[in-house]
Amino acid sequence: MAQLPEGDPAPADGALTRESVADAHERSLSFYVHIPFCAVRCGYCDFNTYTATELGHGASQDTYALAAAREVDFSSEVLRRAGAVPRELSTVFFGGGTPTLLPAGDLVMILERARSLYGVAPDAEVTTEANPDSVTPESLAELRAGGFTRVSFGMQSAVPHVLSTLDRTHSPERVSQAVQWARDAGLDVSVDLIYGTPGESIADWQASLDAALALEPDHVSAYSLIVEPGTKLAAQMRRGEVPMVDEDDHAEKYELADVVLADAGFSWYEVSNWARSEKHQARHNVAYWRNQDWWGIGPGAHSHIGGIRWWNVKHPSAYQQRIDAGVSPALAREVPSADARHLENIMLSIRLASGLPVSMLSLSERGRLPGFVARGLGHIVDGAGNEKPTPEDGDRFTLTLKGRLLADGLVLELIEN
């Protein structure tokens, strides 16, 4: 399981500086609520999640919602003491883990606590992740009645042997059933796919894309499989039980996804995300990519308010202890340097279809853009989207399909001295 970063000690009262909230009215505010429970640990998973046998003493799924609601209370008090202007929540995202392992009423209760203290914008996006086998028609209807607007299903693949390699417990048929239940409840639907699983052929990936589109979702995410050290899948690769990840295979599958999704009317708006229309883009994730404010609720959750970043203790037991003691669950915090913020802003902006603002770059960085264009990696465009030959003539740099495949490497090239 991934380690949390190092940082400075976090104050027990969670205090924020007045400077960090001075211009808060210029940024949106979101909540991320981490539900750290899973029925089974998938072999590729490196997230901060726990099965029932891994929880240990001092933590329980039965009492978790109350603990999370108390952190909502704590967050409101911290922001009030700092002098932050009241802001309604523009997005709320329940992630995990498998949030829908908790009763729907627990998730609604946490949302209601946030609504009572902050307010939730009338057009807010309120999403929960879900495994297809963790929902029922009744639970989805209860979520919709409680204010949820969207569900993101972890489909991953439509091919049984690929699902087996990933240790996913649902059947392909169950995805179609769960999506229909969500539609019947009035929820928007996103599906998450993973490509590059050992043993997955191009035909398998095509079948998964076709199956996903047959569901008529509003949004599709497609992520390359990243095998993290310490996971079951990493150990299987090390022992030679499954083949190693092939970067060329990943590239071919990404290109196929982009063509298939575009032909079906989906537009990419971030390197790994496609939406049927602008209104169906995942606004919560867009808030991250645009460096807005968010408070992360739950063990291991990360937060960002006005340039201050912090992260909570990882284990649910340690989290529960701090909540019970009435102190901040934060393990550490940091205020990134100007150079670190510059790098992060470039890394986030370049992944968006809206592009990297030229004004964000230094003169030497701007000077590298024409070389990227010459290599077929991107375009320099003006405010109307017209291509321009030089950064001086344009407003933004946008990636081509080839550039998307190399996005992280381009960032490193861009900022090199």
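**Figure 1. One helical turn separates R80 and E77 in helix 2 of this predicted model.** The two residues lie 3 positions apart within helix 2, which spans residues 61-82, and this spacing corresponds to about one helical turn. R80 and E77 form a salt bridge, in which the closest N and O atoms are 2.5 Å apart. The structure as a whole holds 17 salt bridges.

**Figure 2. Helix 2 packs against helix 3.** The axes of helix 2 and helix 3 (residues 104-118) are 9 Å apart, and the packing angle is about 15°. Because angles under 35 degrees count as roughly parallel, helix 2 and helix 3 are described as roughly parallel to each other. Helix 2 passes helix 3 in a right-handed crossing. On the helix 2 side, the contact is made by Q61, A65, L66, A68, A69, R70, V72, D73, S75, S76 and L79. Helix 3 contributes D106, M109, I110, R113, A114, L117 and Y118 to this contact. By class, the residues of the contact between helix 2 and helix 3 comprise 11 nonpolar, 3 polar and 4 charged.

**Figure 3. A cis peptide bond joins G96 and G97.** The omega angle of this bond is about 10°. G97 is found in the loop between strand 3 (89-96) and helix 3. In general, most peptide bonds are trans, and most residues other than glycine have a negative phi.

**Figure 4. Q156 has a positive phi.** This residue, which is not a glycine, has a phi near 65°. Q156 lies in strand 5, formed by residues 150-156.

**Figure 5. Helix 7 packs against helix 9.** Helix 7 (residues 202-214) and helix 9 (residues 247-263) pack at an angle of about 30°, and their axes are 10 Å apart. The two helices, helix 7 and helix 9, are therefore roughly parallel to each other. The crossing of helix 7 past helix 9 is right-handed. From helix 7, the residues I202, W205, Q206, L209, D210 and L213 take part in the contact. Their counterparts in helix 9 are E252, K253, L256, A257, V260 and L261. The residues of the contact of helix 7 with helix 9 divide into 8 nonpolar, 1 polar and 3 charged.

**Figure 6. Helix 12 and helix 16 cross at roughly 140°.** The axes of helix 12 (residues 338-349) and helix 16 (residues 407-415) come within 10 Å. Helix 12 passes helix 16 in a right-handed crossing. L343, I346 and M347 of helix 12 make the contact with V411, L414 and I415 of helix 16. The residues of this contact between helix 12 and helix 16 divide into 6 nonpolar, no polar and no charged.

Figure 7. Strands of a sheet pair through backbone hydrogen bonds, in either a parallel or an antiparallel manner. Strand 14 and strand 17 (residues 396-399) run antiparallel and are joined by 2 bridges. The bridge partner of P357 in strand 17 is R396.

Technical notes
Residues numbered from 1 in each chain as written. Predicted model: local features only at pLDDT ≥ 70, side-chain atom pairs only at ≥ 80, totals over all residues. Heavy atoms only, no water. Axes fitted to C-alpha atoms, helices over the stretch in contact; angles between N-to-C directions. Helix = DSSP H or I, 4+ residues; strand = E, 2+ residues; numbered from the N terminus. Parallel < 35°, antiparallel > 145°, perpendicular 65-115°, else oblique. Left-handed = near helix turned anticlockwise from the far one by under 90°. Contact = heavy atoms within 4.5 Å. Nonpolar A, V, L, I, M, F, W, Y, C, P; charged D, E, K, R; others polar. Pairing = 2+ DSSP bridges. Salt bridge = Lys/Arg side-chain N within 4 Å of Asp/Glu carboxyl O.
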